[in-house]
Amino acid sequence: MAAFSGGGFGGGGFHGSGGGGHYGHYGYYGGDDEYGNHVVGAMVYMTIGGIVFSVMLFSFVAGLIYEGVIPGLNFINLAIFVASVVMHIVALIQSGRTADIRNIEYVDLNKFAGKIWNGNGYRPRNAKGDKRTWASVNDKRYSISFFDREFGAENAKKVLETKLRTPKILWVKPSLWLKLSIGCFIVNFFFYEAVIPVFENMIMTDIAFAFIDEFVFYLMSVLSLLFAVAAVVIFIAKDNVLHECALRIVEDNVAFEERYKTESAISSMLSEKWYHNSCPNCGAPASKVLKNCLSCGSSLEVLSFETGAPGAVHRLSLADEKGKEAKKEKTK
Ligand SMILES: [Zn+2]
């Protein structure tokens, strides 16, 4: 019976967080000028009210714990539960940075506009890559963009590949770990009362029973803390995996750009006009500067490489070469 009243107090705690939801609700009206002042006033009163309520609830609960009325809870395991909640909050806030990974599998990658990162969002000087997708060499900071027109979809695919070939536990929703801890907290209200009678009926030394007594009493809080530690450790491991993935992506993209530059240089050369060294019509030799034959006046331009006359040598026109020289000078 007492366990249920304890559960009721736990419920009280949740009502408190429900209040937080209400602030958010009022926040929507905040955009409306007419109600703006009312909303600010309401928010101030609700915040003060919320603080006063929390303090009252806390001292009330503390009093109950002190009197030993709440089953399964003393100040030590309450502190362990609070510590695990704090760790969960840290892990949940951090997990926002990589939340977009979950969508990669379900959205059209060509329209996907997500991004994952580690760090304050600014590209460090020593980082490799461009300003959207980069990876730091010295630490674990990275940024992988999925909205890059050139590489976005490709980046997303590579992140998904990384996700599929690493342990699944890394990619479990971080809220699952919080739910497990909350489960421990709820079970804790009746766990001790339910389990300890099993041992009370056993024949054992006082020391052994004292140990089991402590073990059973603290088991749920310790489990809750372990789930919180798991959430944090997994998040750090995930950041390491994604940093390595970012390094790979950056290398791939740089290599691709190098290849693209070479290819476009070749294709721009191919797109330039080429001229025969001897006239395709009358066979008279032509010097480099000529575009038309001096003897018969026909064009020396190469119209097709496939049907080029035997012995025809392709050359650039002098004007084009001069243009290139000028470009080279400029880039130097
Ligand atoms: Zn000719």
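Two strands are taken to pair if DSSP finds at least two bridges between them. Helices (H or I, at least four residues) and strands (E, at least two) are DSSP runs, numbered from the N terminus. The model described here is predicted: local features need pLDDT of at least 70, side-chain atom pairs count only at pLDDT 80 or more, and totals for chains, interfaces and linings use all residues. Residues are numbered from 1 along each chain as its sequence is written.

**Overall organisation**

The chain contains eight helices and six strands. From the N terminus on, these elements run α-α-α-α-β-β-β-β-α-α-α-β-β-α. Of the 332 residues in the chain, 20% are buried; a residue is buried if 20 or more other C-beta atoms, placed from the backbone, lie within 10 Å of its own, exposed if 12 or fewer, and partly exposed in between. Two residues are in contact if their C-beta atoms, placed from the backbone, lie within 7 Å. Among contacts between residues at least 6 apart in sequence, 62% join residues at least 24 apart.

**The four-stranded sheet**

Four strands form an open sheet in the order β1-β4-β3-β2, with antiparallel pairing. β1 and β2 stand at the edges with a single partner strand each, so one side of each is left without a neighbour in the sheet. The strand pairs are listed below.

| Strand pair | Sense | Bridges |
|---|---|---|
| β1 (residues 115–118) and β4 | antiparallel | four bridges |
| β3 (residues 134–135) and β4 | antiparallel | two bridges |
| β2 and β3 | antiparallel | two bridges |

Within these pairs, isoleucine 116 stands opposite isoleucine 144 of β4. Tryptophan 134 has serine 143 in β4 as a bridge partner, and tryptophan 134 in β3 is also the bridge partner of glycine 129. β3 and β4 form a hairpin, with six residues between them.

In a regular strand the side chains alternate between the two faces of the sheet. In strand β4 (residues 142–145), Tyr142 and Ile144 point one way, while Ser143 and Ser145 point the other way, and all are buried.

**Packing of α3 against α6**

The axes of helix α3 (residues 75–95) and helix α6 (residues 174–200) come within 9 Å and cross at roughly 165°. Axes are lines fitted to C-alpha atoms, for helices over the stretch in contact, and angles run from 0 to 180 degrees between N-to-C directions. α3 and α6 are therefore roughly antiparallel to each other, a term applied to angles over 145 degrees. From α3, the contact is made by Phe81, Ser84, His88, Ala91, Leu92 and Ser95, and from α6 by Pro174, Ser175, Trp177, Leu178, Ser181 and Phe185.

**Two residues of helix α5**

Helix α5 (residues 152–165) includes alanine 156. Alanine 156 counts as buried because 26 C-beta neighbours lie inside 10 Å. Leaving aside residues up to four places away in sequence, alanine 156 touches Ile104, Leu109, Phe112 and Phe146. The C-alpha atoms of alanine 156 and phenylalanine 112 are separated by 8.7 Å, although these residues are 44 residues apart along the chain.

Glutamate 154 also lies in helix α5. With 17 other C-beta atoms within 10 Å, glutamate 154 is partly exposed. Its C-alpha atom is separated by 8.4 Å from that of leucine 109, 45 residues apart along the chain.

How values were computed
Angles under 35 degrees count as roughly parallel, over 145 as roughly antiparallel, 65 to 115 as roughly perpendicular and the rest as oblique.
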